[in-house]
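Here is a short tour of one protein model, written for someone meeting structures like this for the first time. Keep the picture open while you read.

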Amino acid sequence: MSERCFEIVLYKVRDADEARAARKQIMPFLARHPGFRSWRALVDLKDSAQFMDLIEWDTVQDAEVAAETIMRDPAFAAFMGQIELVQSMSHYRQAGSIAA
């Protein structure tokens, strides 16, 4: 059985307001992608142009297929155009958790 995959993408955007609006518009498209579980869209507290996405997938394969789709699907063009620099993009498995 495949492990759940947590994709973490850290990136800088050109215009924070436009990037937030573009990211909000693509969320429903990505949510329909096979294997999608959840997406936490984060913004740095001190630098509004510093974004991080935490996306949960059924498998790493689902995450990789979605990444390929995002790169070529015109529905994601406005969002992708706002990305100035991808600083990190990695896939993780859960090693533990705690919640209050």
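In helix H2, the residues Asp62, Ala63, Ala66, Thr69 and Ile70 are buried. They all sit on the same side of H2, because the arc they cover around the axis is only 120°. That arc is taken from the directions that lead from the helix axis to the C-beta atoms. Turn to the other side of H2 and you find Met71 and Arg72, which are exposed. Here, buried means under 20% relative accessible area, exposed means over 50%, and partly exposed is what lies in between (1.4 Å probe, protein chains only).

A word on where this comes from: you are looking at a predicted model, in which local features need pLDDT of at least 70 and side-chain atom pairs count only at pLDDT 80 or more, while totals for chains, interfaces and linings use all residues. Residues are numbered from 1 along each chain as its sequence is written, and side-chain values use heavy atoms, with hydrogens and water left out.

Helices and strands are DSSP runs numbered from the N terminus (helices are H or I with at least four residues, strands are E with at least two). H2 has 13 residues, and from its first C-alpha to its last it reaches 19 Å, close to the 18 Å expected at 1.5 Å a residue. The expected span is 1.5 Å times one less than the number of residues in the helix.

What do the buried residues of H2 pack against? Their partners are E1, H1, E3, H3 and E4. Contact, by the way, means heavy atoms within 4.5 Å.

Take Thr69, one of the buried residues of H2. Its relative accessible area is 17%. Not counting residues up to four places away in sequence, Thr69 touches His33 and Phe76. Phe76 itself is in the loop between H2 and helix H3 (77–82), and at 3% relative accessibility Phe76 counts as buried. Leaving aside neighbours within four places in sequence, Phe76 is in contact with Ile26, Phe29, Leu30, Thr69 and Ile70. Phe76 and Leu30 are 46 residues apart along the chain, yet their C-alpha atoms are separated by 9.4 Å.

## The sheet

Now for the strands. How many strands form the open sheet, and in what order? There are 4, in the order E2-E3-E1-E4, with antiparallel pairing. E2 and E4 are the edge strands, since each pairs on one side only. From one strand to the next, the twist averages 15°. Two strands pair if DSSP finds at least two bridges between them.

Strand E1 (residues 5–13) is joined to strand E3 (residues 50–57) by 8 bridges, and E1 is also joined to strand E4 (residues 83–92) by 8 bridges. E2 and E3 pair over 7 bridges. To find your way around, look for Glu7, whose bridge partner in E3 is Ile55, then for Val9, whose partner in E4 is Met89. In E3, Glu56 is the bridge partner of Ser38.

H1 packs on this sheet and touches E1, E2 and E3, and its direction makes about 175° with that of E2. Such angles run from 0 to 180 degrees between N-to-C directions, and the axes are lines fitted to C-alpha atoms, for helices over the stretch in contact.

## Salt bridges

The structure holds 6 salt bridges (a side-chain nitrogen of Lys or Arg within 4 Å of a carboxyl oxygen of Asp or Glu). Here are some of them.

| Pair | N to O distance |
|---|---|
| Lys12 and Asp47 | 2.1 Å |
| Arg20 and Asp17 | 2.7 Å |
| Arg37 and Asp58 | 2.4 Å |

Lys12 lies in strand E1 and Asp47 in the loop between strand E2 (36–43) and E3, so this pair ties together parts that are 35 residues apart in sequence. Lys12 is partly exposed at 23%, and Asp47 is partly exposed at 26%.

Arg20 and Asp17 are both in helix H1 (residues 16–31), and being 3 residues apart, they are separated by about one helical turn. Arg20 is partly exposed at 32%, whereas Asp17 is exposed at 56%.

Salt bridges that share partners join Arg4, Arg37, Glu56 and Asp58 into one network.
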